[in-house]
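Reader: I am new to this structure. Can you show me how to read its features, step by step?

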Amino acid sequence: MKSHTGEKPYACTCCDRRCLTAADLKVHMRTHTGEKPFSCVTCGKKFASTYILNSHIKTHTGERPYSCSNCDKTFTQSSHLNVHMRKHTGEKVSCKVCDAKFTHSSQLTVHMREHTGKQPYKCTMCDKICNYASELQTHMMKHTGEKFTCVTCDKKFTTAAYLHEHTRTHTGENLSTCTICDRQFTRHQYLEKHMRTHTG
């Protein structure tokens, strides 16, 4: 019945997150502990939950089952489609304390820490405080020397964002193409710079 009432009785002791079930809380706590017990059999990358692992596996299979009804974008997760749909609808999530509005619920979560003063993602090796678990993970790699590795060509990157950008050179996804010579770029600003070689 808790799912019908909206009650979330399981509270995280590290941040202000509340969960519907004890199992959900256990998965959430891994964002603080860094525990990742589930591994991809294709590339060995580790994940905190089977849900995230299954979503990752789609990057290997190319499966993108969730489609936007307003444009041609497709997504590996329904949650990514839901966030994307807000671009079309203009829908925002609001802070109940000060009425600030955000496109992503994660942005609201970070904003709420201004009201609560909680800082849940702290580096254990220095004084760095991060807003997101993924940001802390990337920061920790500076201490360990670990890097994000492309499963296609083994090239290494310092951030997941750089790896994602690079991966598009293999998949062809969302590349910007020069209309004069058909050269493709991972960022639109790279294309703009390239276009100047044609126009002078």
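**Reading the features**

Author: Start with a pair of charged side chains. The model is predicted. In it, Arg-30 and Glu-35 join their side chains in a salt bridge, at 3.7 Å from N to O.

Reader: How many salt bridges does the count come to?

Author: One. The cut-off is 4 Å between a side-chain nitrogen of Lys or Arg and a carboxyl oxygen of Asp or Glu.

Reader: Are Arg-30 and Glu-35 buried, partly exposed or exposed?

Author: Look at each partner in turn. Arg-30 has a relative accessible area of 11%, so Arg-30 is buried. Glu-35 has 42%, so Glu-35 is partly exposed.

Reader: Now a helix. How many residues does α3 have, and how far does it reach?

Author: Helix α3 runs over residues 50–61 and has 12 residues. From its first C-alpha to its last it reaches 16 Å. That is close to the 16 Å expected at 1.5 Å a residue.

Reader: Which residues of α3 are buried?

Author: First the general idea. An α-helix has 3.6 residues a turn, so residues three or four places apart point the same way. Now the case here. Leu-53, Ser-55, His-56 and Lys-58 are buried in α3.

Reader: What covers the buried residues of α3?

Author: The cover includes three strands: β3 (38–39), β4 (46–47) and β5 (66–67).

Reader: What comes just after α3?

Author: Gly-62, with a positive phi of about 80°.

Reader: Let us pick a single residue. Where is Thr-138 found?

Author: In helix α6, which spans residues 133–144. Its relative accessibility is 19%, so Thr-138 counts as buried.

Reader: Which residues is Thr-138 in contact with, leaving aside its neighbours within four places in sequence?

Author: Phe-148, Thr-158 and Thr-159.

Reader: Last, the cysteines. How many disulfides does the count come to?

Author: The general idea first. A disulfide is a covalent bond between the sulfur atoms of two cysteines. Here the count comes to zero.

Reader: Are Cys-43 and Cys-150 buried, partly exposed or exposed?

Author: Cys-43 counts as partly exposed, at 29% relative accessibility. Cys-150 counts as buried, at 3%.

Key:
Residues are numbered from 1 along each chain as its sequence is written. This is a predicted model: local features need pLDDT of at least 70, side-chain atom pairs count only at pLDDT 80 or more; totals for chains, interfaces and linings use all residues. Side-chain values use heavy atoms; hydrogens and water are left out. Buried means under 20% relative accessible area, exposed over 50%, partly exposed in between (1.4 Å probe, protein chains only). Helices (H or I, at least four residues) and strands (E, at least two) are DSSP runs, numbered from the N terminus. The expected span of a helix is 1.5 Å times one less than its number of residues. Contact means heavy atoms within 4.5 Å. A disulfide is a pair of cysteine sulfur atoms within 2.5 Å.
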